[in-house]
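Open the structure in a viewer and keep the selection tool at hand. The stops below say what to select next and what is there.

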Amino acid sequence: MDFIQAKNYTAVPPGRIIELVVLHTMEASEKPGTARAVARWFAGANAPQSSAHYCLDSTEVVACVREKDVAWAAPGANRNGIHLEHAGFAAQSAVNWADAYSQALLDRSATLCAEICERYSIPPVRLSAADLIAKKRGICGHIEVTQAFKKSTHTDPGKNFPWEKYLALVAAKLAEAARPALPQPNA
């Protein structure tokens, strides 16, 4: 995985408490290379006043902010969240999320999300705005952060994001990682 340091983030000493994985859409085309292009945009001279920990497309993940540091992604959930930016748009239909590109993207994302959940003991459950206010641990979209803290107007990853399938993928990957390796037969 490549690392392209975002221009805007908050460096913090090790030990920040991670309680959330927050999903976003980049509002950028679904195509290979989008993750790298958005990561470069976050790093560029004209970078927006935002960033994410990871940018993902169907073929790669590019890290932009170290997990120990705070990405500027969703006000209200920056200090305690890890943020994943996905190629695509919040306005995508259910059919758009079901195409081959999105399936590869979601699988790649679920693998990364499961690794993050494992690292920080985050349950693979979807959180509502009320859950965020109650300081529960889990996975949410930027929209739930917007609804909970009213510090942005973002609605990603969108009303048609396949939450049930995504959370099932994350849970399956966590279960797979927890399964002991089978002994190898003697050669």
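**Start at a strand pairing**

Select Leu20 and look across to β7, where its bridge partner is Gly81. Keep in mind that this is a predicted model. Leu20 also has a bridge partner in β8, namely Gly138.

**Strand β3**

Now extend the selection to residues 20-25, which make up strand β3. With β7, this strand pairs in the parallel sense over six bridges. With β8 the pairing is also parallel, over four bridges.

Zoom out and select the six strands of the open sheet, which run in the order β1-β5-β4-β7-β3-β8 with mixed pairing. The edges are held by β1 (2-3) and β8 (138-141); each has a single partner strand, so one side of each is left without a neighbour in the sheet.

**Two helices across the strands**

Select residues 142-149 next. This is helix α5, lying across β3 and β8 and running at about 85° to β8. Then select residues 163-178, helix α6, which lies across β3, β7 (81-86) and β8. The angle between α6 and β8 is about 150°.

**A buried glutamate**

Move to Glu67, in the loop between β5 (61-63) and β6 (70-71). Is Glu67 buried or exposed? Its relative accessible area is 11%, and buried means under 20%, so Glu67 counts as buried. Show the side chain of Arg119 as well: a polar contact of 2.7 Å joins it to the side chain of Glu67. Leaving aside neighbours within four places in sequence, Glu67 is in contact with several other residues, among them Arg16, Ile18, His53, Tyr54 and Tyr120.

**Rings**

Select Phe3 and Arg66. The charged end of Arg66 sits over the ring of Phe3, at 4.1 Å from the ring centre.

For the last stop, select Trp97, Phe161, Trp163 and Tyr166, which form one aromatic cluster. How many aromatic pairs does a search of the whole structure find? The search finds four.

Conventions
Residues numbered from 1 in each chain as written. Predicted model: local features only at pLDDT ≥ 70, side-chain atom pairs only at ≥ 80, totals over all residues. Heavy atoms only, no water. Phe/Tyr/Trp six-rings, centres within 6.5 Å; stacked < 30°, edge-to-face > 60°. Lys NZ or Arg CZ within 6 Å of the ring centre and 35° of its normal. Pairing = 2+ DSSP bridges. Contact = heavy atoms within 4.5 Å. Axes fitted to C-alpha atoms, helices over the stretch in contact; angles between N-to-C directions. Buried < 20%, exposed > 50% of the residue type's maximum accessible area, 1.4 Å probe, protein only. Polar contact = N/O pair within 3.5 Å; in protein donor to acceptor, adjacent residues only side chain to side chain.
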